[in-house]
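User: I should like to learn how to read a strand and a helix in a model of this kind. Please begin with the strand.

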Amino acid sequence: IKTIGILTSGGDAPGMNAAIRAVVRKAISNGVKVKGIKRGYQGLLNEEIVDMQARSVSDIIQRGGTVLGTARCQEFKTEAGQKKGAEICHKHGIDGLVVIGGDGSYQGAQALSRHGINTIGLPGTIDLDIACTDYTIGFDTAVNTAMQAIDKVRDTSSSHERCSIIEVMGRNAGYIALWCGVANGAEDILLPEKYDYNEQNIINNIINNRKRGKTHHLIINAEGIGHSTSMARRIEAATGVETRATILGYMQRGGSPTCKDRYYASIMGCLAADILCEGKTNRVIGYRHGEFQDFDIEDALAMQKDIPEYEYRISKLLAI
Ligand code: ADP
C-alpha cells in the first residue's frame with residue numbers, strides 16, 4: 001500500500017474528526033501517503049480528492065461533525081457507480097481506503113473491495129446500531145448531549161407538574177433512548193425494539209404515579225417510534241395531565257466530542273491505518289468484549305444485536 005484514501009459517509013457523528021486525524025497521522029508515520037475524499041461516496045465520484053499532511057488535521061480533534069463533509073449517494077448503490085469509484089481510486093493512486101460510517105457505508109466499502117481497492121470500515125454513528133461493536137464513534141457524545149438537554153426539560157416539567165415526552169434520535173435503534181431513559185430516571189422508556197404501541201399502559205402509569213405523589217412524568221420516546229406530538233395530545237386528553245412533547249433533533253448529532261469518543265476514535269483510526277498497511281481488506285474495526293478487534297465486512301453485516309434484556313428490565317424497575 002502506497003497511498004490510502006479516507007472518507008466519511010452517512011450521518012455525521014462527533015468523533016469522526018478524531019478518527020480522521022488518527023488515520024492520517026498513523027498512515028504518515030507508517031510511511032504511507034494519505035488523500036482525503038470530500039462528501040463521502042458522492043465526493044469520490046466527483047473526484048473531490050485532496051492531499052493530506054499531518055498539518056491538514058491540526059486543531060480538529062475537539063470539533064464535532066466531519067471536516068471532510070459527508071453525503072448520501074444513490075449512484076454508489078449501483079454496480080456502475082461502484083466501478084467508477086474504483087477507477088477513480090486507481091487513477092489517483094489510492095490503493096487502500098478507510099470508510100467511516102454505518103452499515104450502508106460498509107456495503108459501499110465491500111463493493112470497492114470487490115473491485116480491487118483494499119477497504120477498512122470504522123463504526124461512525126451516534127445510533128450504536130452496528131452489530132459487531134459495543135461502541136460506535138459519536139454515541140457517547142450524543143447520549144451526553146441528550147441527557148443534559150433532558151435534565152433541563154425535566155426541571156421545568158417538575159415545576160409545572162407536567163408530563164413530558166422527549167424524543168431522542170437513534171433511527172430504528174433504541175440505544176440512545178435506553179441510555180438516556182436510565183440516566184435521566186425516566187418513568188417510561190419507549191424503544192422501537194420493545195414498544196407494544198399500547199398507550200393505555202402509559203396512561204395507567206401516569207395516573208398511578210400521580211396517586212403515589214410523583215410530580216412529573218418523563219417519557220423518553222425513540223425516533224424509531226416517533227409521533228411524540230400526537231402522543232402528547234392523546235395522553236393529555238386521557239389523563240387530564242398537561243403533556244408536552246420535545247423533539248431534541250439534530251442538536252444530538254453536533255458538539256465537541258467527549259473524551260471517550262476522542263479516545264476510542266483515535267485508537268480505531270490508528271488500527272484502521274495499520275490493518276490497511278498490513279495489506280488486509282474488506283474488514284471493519286469494532287470494540288467487543290473489552291477489546292478492539294477487526295471483522296470481515298460480510299460477517300459484520302450478518303451479525304445481529306438487540307437491546308440487552310436485563311438492562312431493559314431494570315430501566316423500568318428503577319422508575320417505580
Ligand atoms: P450509514 O452508513 O450510516 O448506514 P446510509 O445507509 O445512508 O448510512 O449509507 C451511506 C451511503 O453508503 C449511501 O448514501 C450510499 O452511498 C452508500 N451505500 C449504502 N448502501 C449501499 C449499498 N448497498 N451498496 C453500495 N453503497 C451503499
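Analyst: This is a predicted model. In strand β6 (residues 163-168), six of the six residues are buried, so the strand is largely enclosed by the rest of the structure.

User: With which strands does β6 pair, and in what sense?

Analyst: β6 pairs in the parallel sense with strand β8 (residues 217-222) over six bridges, and in the parallel sense with strand β9 (residues 243-247) over five bridges.

User: How does the span of helix α9 agree with its number of residues?

Analyst: One counts 1.5 Å a residue. The 19 residues of α9 (residues 259-277) should therefore span 27 Å, and the end C-alpha atoms are 27 Å apart, in agreement. After α9 comes G279, which has a positive phi near 95°.

User: Which residues of α9 are buried, and what does A272 contact beyond its sequence neighbours?

Analyst: The buried residues of α9 include Y264, M268, L271, A272 and L276. Neighbours within four places in sequence aside, A272 is in contact with V23, V98, I120, L122 and I285. The largest nonpolar core has 83 residues, and A272 is among those that touch the most other members, as are V23 and V98.

Methods. Residues numbered from 1 in each chain as written. Predicted model: local features only at pLDDT ≥ 70, side-chain atom pairs only at ≥ 80, totals over all residues. Helix = DSSP H or I, 4+ residues; strand = E, 2+ residues; numbered from the N terminus. Expected span 1.5 Å × (residues − 1). Buried ≥ 20, exposed ≤ 12 C-beta atoms within 10 Å, placed from the backbone. Pairing = 2+ DSSP bridges. Core = buried A, V, L, I, M, F, W, Y, C linked by C-beta atoms within 7 Å. Contact = placed C-beta atoms within 7 Å.
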